[in-house]
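Reader: I have a structure to go through and I'm new to this. Can we take it piece by piece?

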Amino acid sequence: TGIVLSEVYKDDENEDLPKAFELIRAFGLFGFAGGMTNWLAIRMMFDKIPYLTGSGILLNNFAEIRDNVKKTTMETYFDAGHLSHYVTQKTEIILNSLQLDESIREVIRSPPVKALISEKIDEVFATKEGMVFGLVVSKEKVKHSIVPSIENAGKDIIPLVSELIRNSEHLSEDKLRDQIDRLITSKLV
């Protein structure tokens, strides 16, 4: 820096240049000197240079630096309070977007489920008790009346399913933190 200053402020031959040009030249020289210094410093952090103390510090301390980055990331972004609030908020958003009542109604009305219900009713009517029941009510009448009953049961089940999802052990802060920790560890290897 001293060399750059002495070069910029030489008084003997630069008197005819305006002061602005001297400042522009100073900015350029200081910028070049700063850039070279930064390049050398970064180079020294990564590359081990023989007999130069402090060079290669990132490679020598990689494991410790990696562990500190992981620890800081986990403590800063994935603390239990924040993670609990985030999971609760996102769970509600997801449950609302799923429209479980409509989804269950569509599943129950779908041809594969109707075929499954029909098959199960046929199995019941094939038993002794089913044959007795068949004397009172026809198999077709049972098939037509059971789908609305199952739909109504589905409506009653939705709040139970939603509550199970909200209280799922897979959404606990400890399990999520453990999964995030494993993910960060695998990425930092």
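Author: We can, starting with a term: helices here are DSSP runs of H or I with at least four residues, numbered from the N terminus. Also keep in mind that this is a predicted model.

Reader: Is Ser55 buried or exposed?

Author: Ser55 is buried, because its relative accessible area is 2% and buried means under 20%.

Reader: What does Ser55 touch?

Author: Leaving out residues up to four places away in sequence, Ser55 touches Met44, Asp47, Lys48, Ile49 and Asn60. With Ile49 there is a specific distance to give: a polar atom of the Ser55 side chain lies 3.0 Å from the backbone nitrogen of Ile49.

Reader: What about Tyr51, where does that one lie?

Author: Tyr51 is in the loop between helix 2 (19–46) and helix 3 (57–60). Tyr51 is exposed, with a relative accessible area of 87%.

Reader: What is the phi of Tyr51?

Author: Positive, at about 65°, although Tyr51 is not a glycine. Most residues other than glycine have a negative phi.

Reader: New topic. How many aromatic pairs does the structure hold?

Author: One aromatic pair. Phe125 and Phe133 form it, with 5.8 Å centre to centre and 50° between the planes.

Reader: Why is that pair called tilted?

Author: Because planes under 30 degrees apart count as stacked and over 60 as edge-to-face, with the rest called tilted. The planes of Phe125 and Phe133 are at 50°.

Reader: Are those two buried or exposed?

Author: Phe125 is buried, with a relative accessible area of 11%. Phe133 counts as partly exposed, at 40%.

Reader: Now the whole chain. What does it span?

Author: The C-alpha trace spans about 120 × 45 × 30 Å along its principal axes. The radius of gyration is 37 Å, whereas a compact globule of 189 residues would have one near 16 Å.

Reader: And how much of the chain is buried?

Author: Buried residues make up 16% of the 189 residues. The accessible surface comes to about 14,400 Å², and 63% of that belongs to carbon and sulfur atoms.

Reader: Last one: what share of contacts is between residues 24 or more positions apart?

Author: 51% of the contacts with a separation of 6 or more.

Methods
Residues are numbered from 1 along each chain as its sequence is written. This is a predicted model: local features need pLDDT of at least 70, side-chain atom pairs count only at pLDDT 80 or more; totals for chains, interfaces and linings use all residues. Side-chain values use heavy atoms; hydrogens and water are left out. Helices (H or I, at least four residues) and strands (E, at least two) are DSSP runs, numbered from the N terminus. Buried means under 20% relative accessible area, exposed over 50%, partly exposed in between (1.4 Å probe, protein chains only). Rings of Phe, Tyr and Trp (its six-membered ring) pair if their centres lie within 6.5 Å; planes under 30 degrees apart count as stacked, over 60 as edge-to-face and the rest as tilted. A polar contact is a pair of N or O atoms within 3.5 Å; within protein, one must be able to donate a hydrogen and the other to accept it, and residues adjacent in sequence count only if both atoms are side-chain atoms. Contact means heavy atoms within 4.5 Å. The radius of gyration is taken over C-alpha atoms; the globule rule is 2.2 Å times the number of residues to the power 0.38. Accessible areas come from the Shrake-Rupley method with a 1.4 Å probe; for residues, only the protein chains shown count as cover.
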